Amino acid sequence: MKFRSSLLLSAALMAAGAANAQFQKPEDAVKYRQNVMSVMGTHFSRIGAMANGRVPFDAKKAQDDADVVKTLSHLPWAAFTPETQKLDSKTKPEFWTETDKAKAGADKLMVATNALDAAAKTGSLDALKKSFGEAAGTCKSCHDAYKAK
Ligand code: ASC
């Protein structure tokens, strides 16, 4: 009986932990999402430099950057696990109480980076500029709402 209930308990604990099993420690999740957003920002800024005329437009480079941004935009959300809240002074408390709104923002980002990638693939600088502006708006709205200064 004792053995059986401990088996059931382990199964329940495993099910509860399954969602977070990707990260061994909460610290790892924080580092992961900050690193992903840093690399995403690097490539997004490179597109921005072309969109804003600070560096010459290179369609191939823009495509490569947009591909990275699109892929990375899918990653941070899963790393905002509840047990990381106390570790991360860069995330405002509102983020943890408005998770539906925050998730809607993350989804909007993924739609925008998909559009940015599609725009980059057309090879048109005008299309890139438009999609860059829209994607930057999705970055900014979540950062304004949830990123601590
Ligand atoms: C970037 C970057 C962001 C966004 C944001 C858009 O290049 O790193 O977080 O653009 O500044 O407003």
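Modeller: The lining of the largest pocket takes at least two residues from each of α2, α5 (99–122) and α6, helices here being DSSP runs of H or I, at least four residues, numbered from the N terminus. This is a predicted model, where local features need pLDDT of at least 70, side-chain atom pairs count only at pLDDT 80 or more, and totals for chains, interfaces and linings use all residues. Residues are numbered from 1 along each chain as its sequence is written, and side-chain values use heavy atoms, with hydrogens and water left out.

Biologist: Which helix gives the most to that lining?
Modeller: α2, with nine residues.

Biologist: And what counts as a pocket?
Modeller: On a 1 Å grid over the protein atoms alone, an open set of points where a 1.4 Å probe fits, with protein on both sides within 12 Å along at least five of seven lines; lining residues have an atom within 4 Å of a point.

Biologist: Where does the ligand sit?
Modeller: In the largest pocket, meaning that more than half of its atoms lie within 2 Å of the pocket's grid points.

Biologist: Which residues surround the ligand?
Modeller: Gly41, Phe44, Ser45, Ala136, Cys139, Lys140 and His143, each with a heavy atom within 4 Å of the ligand. α6 supplies the largest share of this shell, four residues.

Biologist: What about polar contacts, N or O pairs within 3.5 Å?
Modeller: A polar side-chain atom of Ser45 is 2.9 Å from an oxygen atom of the ligand. For His143, a polar side-chain atom lies 3.4 Å from a ligand oxygen atom.

Key:
Polar contact = N/O pair within 3.5 Å; in protein donor to acceptor, adjacent residues only side chain to side chain.
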